[in-house]
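Dear colleague,

Here is the structure I promised to pass on to you, and below it are the notes I made while going through it. Please read them with the model open beside you.

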Amino acid sequence: MTKKLMRGSHVLGEAAVLAGCRYYFGYPITPQNEVPEYMSRRLLEVGGTFIQAESELASINMVIGAAMAGGRVMTSSSSPGISLKQEGISYLAGQELPAVIANMIRGGPGLGNIAPSQSDYFQATRGGGHGDYRCIVLAPASIQELADMTLQAFDLADKYRNPVMILGDGMMGQMMEPVTFPEPVDPAKLPEKDWVLDGAKDRPQRIILSMLLDPKILEAHNYKLVRKYDAVRENETAWEMTDCDDARLVVAAYGTAARIAGGAIRRVRQRGLKVGLFRPKTLWPFPAKPLEELSHRVRHILTFELCAGQMVEDVQLAVKGQAEVKLYGRPGGVIPTPEDVAHQISHYYYGAHLDEEGPGGGA
Amino acid sequence: MKQVFARPKSLKPAATHYCPGCGHSIIHRLVAEVIDELGIQERTIGVPPAGCAVLAYNYFDVDMGEAPHGRAVAVATGIKRVLPDRVVFTYQGDGDIAAIGTAESIHAANRGEKITAIFVNNAVYGMTGGQMAPTTVPGLVTTTTPGGRQVNRDGAPLDLTQMLAVAKGAVYLERVAVSDPKHIRQAKKAIKKAFQVQLDGLGFALVEVLSACPTNWKMDSITAWQWVKDSMTKDFPLGVIKDETGYDAGPETEAGDDR
Amino acid sequence: MTVKTVFSGFGGQGVLLMGYLLALTAMRQGKEVTYLPAYGAEMRGGTANCTVVVSDGPIASPVASSPDYAVIMNNPSLLKYLNVVRQGGVMLLNSSLIHSEMRRADVTFVDVPVNDLARELGEARSANVIMMGAYAQVTGVVQIEHLSETLAETGLGKKPEVLELNRRALTVGAEAVAKATQ
């Protein structure tokens with residue numbers, strides 16, 4: 001298929017349609033208004049259903065209903081709206097329903113602003129709503145990857161019967177970049193779901209619920225979820241390492257921050273600094289094991305995030321004290337330049353005497 | 001021998017958890033009878049609420065999908081939009097549909113979602129232990145209105161069904177009670193009509209059923225049901241609130257109905 | 001080689017289209033590109049701007065803190081970007097509307113009276129396309145003929161008469177700058 005120049009919000013919508021998504025329920029909030037706008041038009045073309053709901057609460061609950069009925073369904077929002085959806089996301093997890101939720105993060109807390117941010121990392125990776133659960137969280141770093149991960153998100157949601165969150169930011173929603181779409185999925189050819197509510201014809205009644213009043217039964221359900229999450233961790237953890245082979249310092253960053261960090265690393269490499277990039281592509285499950293292994297060789301990790309420091313905690317947990325972990329965080333919607341990040345890298349690099357000879361520099 | 005009375009097919013042979021004197025069992029039965037009579041058991045999906053009827057899936061023998069508190073009509077919307085040829089109903093209490101779920105109710109009605117809502121109004125939060133509901137009538141003592149509901153402090157009871165009447169997509173709204181056999185028969189007719197509206201694809205239909213909660217009202221059953229008739233109907237008068245179905249009144253209408 | 005350009009002006013001057021045309025053309029020439037519009041409250045005041053990055057390699061950030069080029073269509077935009085453009089950069093000014101004398105010694109300024117040229121051409125709405133002709137001529141980031149191809153092949157100017165007008169507009173812009181810089 002041909003390369004197109006498209007806005008991230010539209011790419012998200014188009015990729016969802018290509019993945020066989022025929023149901024979208026949403027509510028306007030900047031900076032992702034172009035997603036519902038696109039879906040309202042596109043789903044009409046493919047015979048799907050779009051509803052502009054009365055609230056984020058209503059829209060996530062429509063998602064629950066559509067998922068119960070077996071539809072490939074998506075909603076999207078930005079930070080304050082995602083907070084409102086958390087109730088429904090908790091139910092999706094408890095009821096083991098597949099759905100895709102996209103968050104184009106904006107600055108917070110509260111109303112914050114509409115600038116790009118990564119300050120919803122905790123909310124996304126720790127569940128977000130109440131109860132003992134996880135969402136699978138995908139973090140694209142380019143518009144092409146947004147398209148690819150959107151298709152992947154629907155498959156993961158169905159495979160594990162679990163909500164999947166695509167974590168972007170305001171910039172990813174608004175910017176245009178070249179994209180090549182994969183071939184469309186035929187919704188009729190998707191694997192049959194043997195658990196949906198479609199009327200008890202020639203079979204016993206089906207019930208989808210999350211309420212299990214007997215603590216022993218709920219505990220068993222919780223452990224069932226835990227085993228599922230273990231399987232996700234085992235099979236679906238994804239990350240990317242660039243220039244890490246000879247690195248004495250590694251920058252850990254995801255999404256938009258990772259591409260800026262990539263530019264910074266290209267700059268400092270030109271000056272001979274041995275710096276690599278560790279980029280989680282799944283934020284939950286977090287690629288803790290490869291990062292831990294990396295920390296056996298690289299003793300200095302600079303976490304760069306567009307927030308006051310959230311992923312840095314997962315980095316610290318992963319390396320188990322074997323590497324020094326520092327943070328360069330820019331909250332509030334500020335987008336530092338690659339030069340800014342290069343400056344931070346250099347400061348750390350020379351400060352730790354990593355330019356000196358010896359394995360792992362001055363470690 | 002001719003069988004003259006049996007459990008509806010759409011009701012499971014289970015003893016309910018409801019308190020003595022509670023109206024839910026009657027209303028469950030009416031809904032199940034209607035599902036049987038319309039022959040739609042195999043294509044009906046119910047959405048129970050958070051509230052006393054949260055366990056309704058243990059009683060109805062149709063597919064059931066649990067909704068968060070207040071969101072039943074939104075969940076039902078999602079189901080119905082994916083499976084437009086199925087019959088989808090919600091079963092909600094007053095707190096569910098008229099307090100926390102007010103926005104969802106009004107907008108589902110306004111969009112004319114082709115679903116059937118059964119709204120059980122017993123003027124109190126039952127499952128949580130008898131707190132004030134949006135429909136608690138003035139003077140009624142609840143655990144959060146000691147001394148009785150005072151309009152100037154707690155607000156007046158909210159007539160959600162009347163509110164829904166202004167929603168263009170709501171085609172049939174009726175308030176009934178299950179306080180005695182005659183009213184129970186009338187309630188069943190209304191419920192059946194509300195399902196027929198959906199089968200005919202006309203739009204949103206809701207039946208509000210006045211019911212008793214002797215436990216939380218701290219009354220005996222007889223007093224409670226008398227109170228439904230004598231007191232609740234003052235704030236919530238029975239009758240058709242909106243009917244744009246275009247159905248003939250038909251022979252079933254009882255002349256001289258005193259509702 | 002990475003080139004960052006900002007386009008700024010009033011809403012309705014076709015500022016976002018200029019950026020889109022550049023990004024699309026560069027993409028069609030095999031370049032890496034990003035296009036980032038200002039959005040939300042920022043665009044409600046009637047001003048519009050966007051940033052386009054064109055590169056031979058991966059683009060780290062679609063944001064331009066110090067752009068190489070600025071295409072300035074009105075006075076407020078000049079104020080906004082005068083001190084932002086990098087040392088040695090170029091600012092193309094719509095001199096039909098910009099009469100301010102504010103300048104910087106370390107930036108090259110190119111005046112293009114695009115509204116006047118558009119009127120001469122007989123189509124007031126072609127001012128932005130004329131400016132793109134000037135931009136291509138001055139910067140060489142894309143070629144006039146490639147811009148023209150993009151307009152022809154992507155539905156940006158579908159009708160034959162619109163297409164012909166746009167072709168002429170690109171040429172008018174390029175020639176105006178060629179004359180001015182001779």
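Between chains B and A, 28 residues of chain B are in contact with 33 residues of chain A, where two residues count as in contact if their C-beta atoms, placed from the backbone, lie within 7 Å. On the chain B side, the elements that give two or more residues to this contact are strand E1 (44-47), strand E2 (63-65), helix H2 (72-82) and helix H4 (102-111) of chain B; helices (H or I, at least four residues) and strands (E, at least two) are DSSP runs, numbered from the N terminus. The largest share of that side, 8 residues, comes from H2(B). By class it has 14 nonpolar, 5 polar and 9 charged residues, with Ala, Val, Leu, Ile, Met, Phe, Trp, Tyr, Cys and Pro counted as nonpolar, Asp, Glu, Lys and Arg as charged, and the others, Gly among them, as polar.

Please bear in mind that this is a predicted model, in which local features need pLDDT of at least 70 and side-chain atom pairs count only at pLDDT 80 or more, while totals for chains, interfaces and linings use all residues. Residues are numbered from 1 along each chain as its sequence is written, and chains are lettered from A and ligands numbered from 1 in the order in which they are written.

Of the 2 pairs of chains that touch, chains A and B have the most contacts, whereas chain B and chain C do not touch, their nearest C-alpha atoms being 27 Å apart.

Chain B itself comprises 9 helices and 9 strands. Its radius of gyration, taken over C-alpha atoms, is 17 Å, close to the 18 Å that the globule rule gives for 259 residues, so chain B is as compact as a globular protein of that length; the rule is 2.2 Å times the number of residues to the power 0.38. Of these 259 residues, 54% count as buried, that is, 20 or more other C-beta atoms lie within 10 Å of their own, with C-beta atoms placed from the backbone.

E5(A) pairs in the parallel sense with strand E4 (residues 73-77) of chain A over 4 bridges, and Ser76(A) has Ala102(A) as its bridge partner. Strand E7 (residues 163-169) of chain A also runs parallel to E5(A), joined to it by 7 bridges, and there Ile105(A) stands opposite Asp169(A).

Finally, chain A is divided into domain 1 (3-236) and domain 2 (241-351), with bounds that come from an automatic or database domain assignment. The domain centres, taken over C-alpha atoms, are separated by 28 Å, and the contact takes 29 residues from domain 1 and 23 residues from domain 2.

With best wishes

Note on methods. A residue is buried if 20 or more other C-beta atoms lie within 10 Å of its own, exposed if 12 or fewer, and partly exposed in between; C-beta atoms are placed from the backbone. Two strands pair if DSSP finds at least two bridges between them.
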